[in-house]
Amino acid sequence: MQEREVLGELWDVIGERAENPSAESYVSRILTHRKGVDKALEKVGEEAVEFIIAAKNGDDARTVSEGADLLFHFLLALKAANIDLADVLAELEERRRG
Ligand SMILES: N=c1c2ncn([C@@H]3O[C@H](COP(=O)(O)OP(=O)(O)OP(=O)(O)O)[C@@H](O)[C@H]3O)c2ncn1[C@@H]1O[C@H](COP(=O)(O)O)[C@@H](O)[C@H]1O
């Protein structure tokens, strides 16, 4: 699967969980947390630190794994903050075009 498809599919699943929360869903648990958006933001912070440590240690497998955790929780934080992934991607595209 292409990178953009993976991101798009995951973003769609996060959107579905936001619309139809369920107790078994990790995404739902974060998005309906009593701390509100702060919970997703905390997770981004934690995962960013874990990613930095893995990369600094030159542990490639762990860097990939922590990178995935970071990207996933970044998407959750965007959703929790009511920001559309498309707007972030459009901003990057605008910068790329210069
Ligand atoms: N990509 C992920 C993904 N990556 C990580 N995680 C979860 O994120 C959590 C990571 O938290 P930590 O590493 O900090 O471990 P933890 O101590 O259990 O976390 P906390 O107790 O602090 O919440 C774990 O519970 C993982 O299961 C994910 N959970 C879900 N997804 C995707 O989201 C989709 C929907 O998931 P559900 O909402 O659970 O159906 C799944 O099909 C996946 O594609």
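**Figure 1. Order of the elements in the predicted model.** From the N terminus on, the elements of this predicted protein model run α-α-α-α-α. The count is therefore five helices and zero strands. The C-alpha trace spans about 40 × 35 × 25 Å along its principal axes. Of the 98 residues in the protein, 16% are buried. Among contacts with a separation of 6 or more, 45% join residues 24 or more positions apart.

**Figure 2. The shell around the ligand.** Which residues are around the ligand? They are Leu10, Val13, Arg17, Ser25, Tyr26, Val27, Ser28, Asp69 and Phe72. Five residues of this shell are nonpolar, two are polar and two are charged. At least two residues of the shell come from each of helix 1 (3-19), helix 2 (26-31) and helix 4 (60-80).

**Figure 3. The largest nonpolar core.** In soluble globular proteins, nonpolar side chains tend to be buried together. The largest nonpolar core in this model has nine residues: Ile14, Val27, Ile30, Ala40, Val44, Leu75, Leu76, Ala77 and Ala80. Helix 2, helix 3 (37-56) and helix 4 each supply at least two residues of this core. Helix 4 gives the most to the core, with four residues. Val27 is one of the core residues and is also one of the residues around the ligand.

**Figure 4. Contacts of valine 44.** Valine 44 belongs to the largest nonpolar core. Leaving out residues up to four places away in sequence, valine 44 touches His73, Phe74 and Ala77. Of these, Ala77 is listed in the core too.

**Figure 5. Threonine 63 in helix 4.** Threonine 63 lies in helix 4. Is threonine 63 buried or partly exposed? Threonine 63 has 18 C-beta neighbours inside 10 Å, so it counts as partly exposed; a buried residue would need 20 or more. Residues up to four places away in sequence aside, threonine 63 touches Phe51, Ala54 and Ala55. Alanine 40 is 23 residues from threonine 63 along the chain, and the C-alpha atoms of the two are separated by 20 Å.

Figure 6. Helix 5 covers residues 85-97, which is 13 residues. At 1.5 Å a residue helix 5 should span 18 Å, and its end C-alpha atoms are 18 Å apart, so the two values agree. How many of the 13 residues of helix 5 are buried? The count is zero, and helix 5 is hardly covered. Just after helix 5, glycine 98 takes a positive phi of about 75°.

How values were computed: Residues numbered from 1 in each chain as written. Predicted model: local features only at pLDDT ≥ 70, side-chain atom pairs only at ≥ 80, totals over all residues. Near = placed C-beta within 6 Å. Nonpolar A, V, L, I, M, F, W, Y, C, P; charged D, E, K, R; others polar. Core = buried A, V, L, I, M, F, W, Y, C linked by C-beta atoms within 7 Å. Buried ≥ 20, exposed ≤ 12 C-beta atoms within 10 Å, placed from the backbone. Contact = placed C-beta atoms within 7 Å. Expected span 1.5 Å × (residues − 1).
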